[in-house]
Amino acid sequence: MYIPPAYRNENPADIRKFLEENAFGILVSTGPLGPMATHLPLELVEKGDQTLLLRGHFARANPQWRHIAEGDEVLCIFNGPHAYVSSSWYAEEEVPTWNYMAVHLKGVYRTQTKEELWEALHALVDKYESDSEKPVSLHQMSRATLAQVRGIVGFEIRVTRLDAAFKLSQGRTQDHPKIIEELQARGGSSNAIAQAMKDQSGT
């Protein structure tokens with residue numbers, strides 16, 4: 001991913017927070033007819049030796065996993081909020097632009113064992129059920145329901161490269177108050193970018 005130096009973020013805490021909040025990523029690999037991609041929940045795990053892993057699973061019916069060999073390098077893309085920035089919000093004339101937050105992870109692919117897949121599934125469900133009014137657990141489900149797990153293939157990716165681009169009008173700090181005000185007025189993803197700009201500047 002091309003990242004101008006001003007927009008590159010190398011703060012581990014910022015990146016970890018981003019990946020936790022935007023964990024639905026895109027896994028890209030090479031197939032027989034070219035690139036293949038699947039949108040998946042991808043959970044970041046840090047091992048004791050500081051190795052970073054991404055854990056996820058494919059539907060067994062998805063042909064992509066059949067074209068990834070053990071040890072292949074894959075790319076995982078995580079998109080965060082983004083927003084159009086009008087140059088009418090600047091004190092001086094300039095072209096419009098787009099603010100965005102994105103992280104790319106490259107890593108080495110490995111198929112999970114049955115035990116590793118179950119461990120990952122329990123962790124995934126427990127994480128996303130934690131704020132439910134009536135959380136469900138895999139421990140509570142019948143054998144008939146859990147038999148559906150036979151229809152997925154678990155994997156883990158050992159991260160070898162991490163690139164984070166947080167483009168937040170870094171070159172126009174003098175215009176930040178007006179940009180933030182306008183983005184907040186738009187709401188939605190624009191408001192999330194406004195908050196990220198405020199967090200970046202500590203305001």
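**Figure 1. E20 and R16 sit together in helix α1 of this predicted model.** Helix α1 covers residues 12–21, and E20 and R16 are 4 residues apart within this helix, about one turn. Their side chains meet in a salt bridge, with an N to O distance of 3.4 Å. E20 has a relative accessibility of 47% and therefore counts as partly exposed. R16 is also assigned to the partly exposed class, because its relative accessible area is 28%. The structure holds 11 salt bridges, and other examples are shown in the two figures that follow.

**Figure 2. A salt bridge joins K178 and E182.** The two residues belong to helix α4, which spans residues 176–186. They are separated by 4 residues, about one turn of the helix. The N to O distance between the side chains is 2.8 Å. K178 counts as partly exposed because its relative accessibility is 35%. E182, at 22%, is partly exposed as well; the cut-off for buried is under 20%.

**Figure 3. A salt bridge joins E156 and R110.** The side chains of E156 and R110 meet with an N to O distance of 3.0 Å. E156 lies in strand β7 and R110 in strand β6 (residues 97–111), so this pair ties together parts of the chain that are 46 residues apart in sequence. E156 has a relative accessibility of 12% and so counts as buried. R110, at 28% relative accessibility, counts as partly exposed. The pair also belongs to a network of salt bridges that links R55, R110, E116 and E156.

**Figure 4. Strand β4 pairs with strand β3 and with strand β7.** Strand β3 (residues 43–46) and strand β4 (residues 52–59) run antiparallel and are joined by 4 bridges. Within this pairing, E46 has L52 of β4 as its bridge partner. The two strands form a hairpin with 5 residues between them. Q50 lies in the turn and has a positive phi of about 70°. Strand β4 is also joined to strand β7 (residues 152–167), by 7 bridges, and this pair is antiparallel too. Here L54 is partnered by I157 in β7. In a regular strand, side chains alternate between the two faces of the sheet.

**Figure 5. T38 makes a side-chain contact with Q64.** T38 is found in strand β2, which runs over residues 34–41. Its relative accessibility is 13%, so T38 counts as buried. A polar contact of 2.4 Å joins the side chain of T38 to that of Q64.

**Figure 6. The largest pocket is lined by 19 residues.** The space in this pocket comes to about 420 Å³. K17, M101, F166, A196 and D199 are the lining residues that lie nearest its centre. Helices α1 and α5 (188–201) each supply at least two residues of the lining. The largest share, 5 residues, comes from α5. By class, the lining of the largest pocket has 9 nonpolar, 5 polar and 5 charged residues.

**Figure 7. The second largest pocket has a volume of about 240 Å³.** Its lining is made up of 14 residues, and the closest to the centre are K114, L117, W118, V149 and R150. Helix α2 and strand β7 are the elements that give two or more residues to this lining. The residues that line the second largest pocket divide into 7 nonpolar, 4 polar and 3 charged.

**Figure 8. A123 is a residue of helix α2.** This helix spans residues 114–129. A123 has a relative accessibility of 47% and therefore counts as partly exposed. F78 is 45 residues away from A123 along the chain, and the C-alpha atoms of the two residues are separated by 20 Å.

Terms used. Residues numbered from 1 in each chain as written. Predicted model: local features only at pLDDT ≥ 70, side-chain atom pairs only at ≥ 80, totals over all residues. Heavy atoms only, no water. Buried < 20%, exposed > 50% of the residue type's maximum accessible area, 1.4 Å probe, protein only. Pairing = 2+ DSSP bridges. Salt bridge = Lys/Arg side-chain N within 4 Å of Asp/Glu carboxyl O. 1 Å grid on protein atoms, 1.4 Å probe; cavity = no way out; pocket = protein on both sides within 12 Å on 5 of 7 lines; lining within 4 Å. Points joined across faces, edges and corners; volume = space filled by probe spheres on them. Nonpolar A, V, L, I, M, F, W, Y, C, P; charged D, E, K, R; others polar. Polar contact = N/O pair within 3.5 Å; in protein donor to acceptor, adjacent residues only side chain to side chain.
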